[in-house]
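I opened the notebook to record what I looked up in this structure, starting with the sheet and ending with a single residue.

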Amino acid sequence: MQVYQSTVDPAEIAKFEAMAAEWWDPAGKFKPLHMLNPCRLDYITGQIAAEFDRDLTDSTPFAGLRLLDIGCGGGLLSEPMARLGADVVGADAAEGNIPVAQVHAEQSGLHIDYRHTTAEAMADAGEQFDVVLNMEVVEHVADPLSYLTATQHLLRPGGLQICSTLNRNPKSYAMAIFGAEVVMRWLPRGTHEWSKFITPDELFDLLRQAGLDPVDRKGFVFNPLLWSWSISASDLSVNYVTASVKLG
């Protein structure tokens, strides 16, 4: 049995531990994610519905699907997935995030299996899912290929992984680091390291090396005039998201 080495970066985990209590404050340190969340959900639900032939007009279109939200934080994606009927496991390497997520789910009347664990530990345990949400995590791990290989092993054959991250170029530095951390102060300084950002072509290559078949990629684009996010088929210059499937 293959044993996966942890790709957790303790320094990265410490950053998110320090912010754990603010997950559900839309004006707090996770304001950018609250603003981006509707856009993320549009993409995620559309990809899952297409891959598993589900009707999003149903009240619980994802019933019968087992879904992992890896790097779940406070549960900003886990909760809507549970409301759509999925059997949700939320996992995070930052221990402080889990009680925050658990309390909020209980207050919302949702049953979500939140765990303080890693993708590698779950892969070693033989866990299997229909869908893995891998959102804004890969740029924080020590070894992206090893990490993505572990998430691939968490998928059943025919399973779907949604993976989002940040592109690496001067524009992404200007917007995601200088703009978000220095000018707008949406995030504490040092939340992101530009050198860990991954270009779309690099991510597709990593996904293929990990045993996944990339099938789609789109950009998440912020419009400062409308103060809103939208999905773009062509602009992947800063935030972007990919869909890939496990063949076999």
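This is a predicted model: local features need pLDDT of at least 70, side-chain atom pairs count only at pLDDT 80 or more; totals for chains, interfaces and linings use all residues.

The entries below follow the order in which I looked things up.

I traced the strand order and found eight strands in an open sheet, running β3-β2-β1-β4-β5-β8-β6-β7, with mixed pairing. I then looked at the edges, where β3 and β7 (228-232) stand; each has a single partner strand, so one side of each is left without a neighbour in the sheet. From one strand to the next, I read an average twist of 20°.

Entry on one strand pair. I followed β1, residues 66-70, to its pairing with β4, residues 129-135, and recorded a parallel arrangement over four bridges. Looking up Ile70 in particular, I found that its bridge partner in β4 is Asn134.

Entry on two helices. I placed helix α6, residues 144-153, across β1, β4 and β5 (155-166), and noted that α6 runs at about 145° to β5. Helix α8, residues 200-209, I placed across β5, β6 (213-223) and β8 (239-245), with an angle of about 150° to β6.

Entry on Thr117. I located this residue in the loop between β3 (113-116) and α5 (119-124).

Methods:
Residues are numbered from 1 along each chain as its sequence is written. Side-chain values use heavy atoms; hydrogens and water are left out. Two strands pair if DSSP finds at least two bridges between them. Axes are lines fitted to C-alpha atoms, for helices over the stretch in contact, and angles run from 0 to 180 degrees between N-to-C directions. Contact means heavy atoms within 4.5 Å.
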